[in-house]
Structure formats: C-alpha cells, structure tokens
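Subject: Structure handover

Hello,

Please find the structure below. My notes on its pockets follow.

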Amino acid sequence: MEFSQQFSTSPKSEAERAAILADPGFGDYFTDHTVVIDWTVDAAGEGGWHDARVEPYGPIMMDPAAAVLHYGQEIFEGLKAYRHADSSVWTFRPEANAARFNKSAVRLALPELPEEDFIESLRQIVAADRAWVPSGDGEALYLRPFMIATEAFLGVRPSREVSYRVIASPAGNYFGGELKPVSIWLSERYARAGHGGTGEAKCGGNYAASLAAQIEAEQHGCKQVLFLDPTNDHAVDELGGMNVFFVLADGTVVTPELNGNILHGVTRSSVLQLARDRGLVVEERKFTIAEWRERVADGTLAEVFACGTAAVITPIGELKTAVDTLVTPTAQGEPVWKGIREQLLGIQTGTMEDTHGWLTRLA
Ligand code: COI
C-alpha cells in the first residue's frame, strides 16, 4: 500500500522535544505525526482499505454518532521502536502484534489489516518522527496502532466505516521513576473477563472495565489491580494492563494458561521462550489465589512479576487483599525476572544477540 505524506507544519520545537525526551514518563507526550488508513464498504457491500497517509498529529474530526463513541467498537496494539547504538531503529516481533490485532479485529467485528500494511504503517510513523525515538536506558518510542468504528449510526451492527491509525509516544518506565517492585491489589468485587467474552482481545472496553478496580487499587496504595476468574477456582487471570508470572523456589516459571480470558502477550510469550532457553521448567497452567497463599506460607514462592510491552518486566513486591498481604520474598542471588528483563531489553536495544530473529528494522 502506498502512503501519501503530509508533514506537520507545526512540529514541536527541538527544545521542547529535548525536554520531553529528557524525562518521557509513559503516555503523556505525542510525536508530530500520525498514520491513517481508511476502510469503507462500497455499494456492492465489499469492504476495502484506502487512502493510507501520514498526517500531522492532531484531533480527530468525527460525527458525534460515530459507532465507537456509543458501542466501543475499537481495538488497539502496543509495541515499541528502539534506537540502537548506530542510530538505526528497530521493533520487536511486529508480526505477532499484527496477528493479535487481526484476532482482536475479528472478535470486535472490525476488518483485518494485512500484516504488511500494519508493519509499513509503523515504518511510516517512525520515518516521520525518527527524532522522537529516545536513546536512554529502558526508553523507547511506544507505538500505538488502533482501529475505530467511525460510521454515524445508532443501530447496533458492525460499522461500515472504520479508521486505522497509529500514534507514537516516547516512553520510559511505565510506573514512573526508577524500576522498583510494585504493590498490586486483588480485585474481588470485579472480574476483567468472562468465558466467551472479549478477555483475549485487545479492545478498549476491557481496559475501561478495569478502571473501577484500578481506583480501588489506588485507594489501597497499589499501582495495579489483579483480576481472578471467579468461575475457575479463583484462578489468577491477569493485571489491569499486563500478564503475570510466578517463579517457584525450585526455579519453575509459571504463568496462567491462555484460556480465552487472557491476553496473548507478546512479552509473555518472549519471557516463556527466554526462560526455556535458560533451561528453566516452564508451566502454563491454572494458578489459583489459594496456591499463591499456600506458596507464600510454605516458602515455595520465590518471585512474582508483571510483563507487557509498556511495563517490560516489573517485579511485584506484594499482593494486598481485603484480608491479608502476600509478600514476595527478597531474592537470594540474582532473580530470574532480572536476568530475563536484561536479556529482553538487550535483544530489543541491540546489545545482545537476537537468537530468535525477533527484531525488524524500521528505519
Ligand atoms: C502494553 O503493554 O502495550 C499495553 O497495552 C498495556 C497498557 C499500557 C494498556
């Protein structure tokens, strides 16, 4: 697909950009451009993508009746662009994000976008906003592809007009400041997903549904919320915005199995692979809150960590619940999460060998 280009006439000044890149935080600042591709259904009922373009970043003009504003027909992705020492820019397993995006699209009755167009859209935004790719430790340009239903109508049916877009935001630590163990709150009042629902789709509604629980978490001094599956022995599901892992005292790495409720995290699958490469036993299975309590009590739980594109790998120091606090023990020696985090970031930033061929050059 050919992209037309309209460059921003009012990009942020070099000084403004430098100030932002000095302390990017997460998700607060946006680059100068956006990528857009439209999709419409023609008179014969055939849908098609057209008018791929790079535009100046700015507000979206939309009819107030647009379906996304009423029924939340929306999906998104998150991936990062990393600056290597020679200033080339790379991304990590974009074909996995493209595949997940299309899986989410099918679930939300949105059109699929060919993988090559998804990846080319990332190349286009990085080409336009290359100066925005940070080079600091643990920093990257967070890319946020998304798709919204823009047709103006109030009947509940799939939209016949859709807009695919990419925005970009320089990113440091998701939780702000230095990397340190976070406290998480156990939500028992709310569930994130139900069987047959949209749990494994990356759609805005899942995240909207996590917010009331996230408020509860913050009221208890926690950074994130953990959801359980009340219909499955209170199995650990995932956090509000990331997957969760456990390392047992014997070194076994455990993460909840992909059971339809859980997001198919690209970082999740990479962590599993890097753990296997280290010769660790890896289990994708049900991990209940009862097992968590038992393992804390008998000393067989060594580590808990969260992972996602935004969070990379962040250790979880404790789980607070309405009745108790499950404290993760202090690691003896180098924790598993730390070694895997360093290797993952090393591969992504080009300082360690990419043995699995996970990197794709964008610029
Ligand atoms: C990501 O890790 O990329 C996410 O999408 C999590 C969150 C920022 C929504």
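The largest pocket lies between domain 1 (4–171) and domain 2 (182–347), because both give residues to its lining; the domain bounds come from an automatic or database domain assignment. The model is predicted, so local features need pLDDT of at least 70 and side-chain atom pairs count only at pLDDT 80 or more, while totals for chains, interfaces and linings use all residues. Residues are numbered from 1 along each chain as its sequence is written, and side-chain values use heavy atoms, with hydrogens and water left out.

A pocket here is an open set of points on a 1 Å grid over the protein atoms alone, where a 1.4 Å probe fits, with protein on both sides within 12 Å along at least five of seven lines; lining residues have an atom within 4 Å of a point. Points are joined across faces, edges and corners, and a volume is the space filled by probe spheres set on them.

The largest pocket holds about 610 Å³. Its lining has 31 residues, and Gly 136, Asp 137, Gly 138, Glu 139 and Arg 341 are the closest to its centre. Strand 5 (79–83) and helix 9 (336–348) each give two or more residues to this lining; helices (H or I, at least four residues) and strands (E, at least two) are DSSP runs, numbered from the N terminus.

The second largest pocket, of about 460 Å³, also lies between domain 1 (4–171) and domain 2 (182–347), since both contribute to its lining. Of its 29 lining residues, Tyr 174, Lys 202, Tyr 207, Gly 241 and Met 242 lie nearest the centre.

Regards
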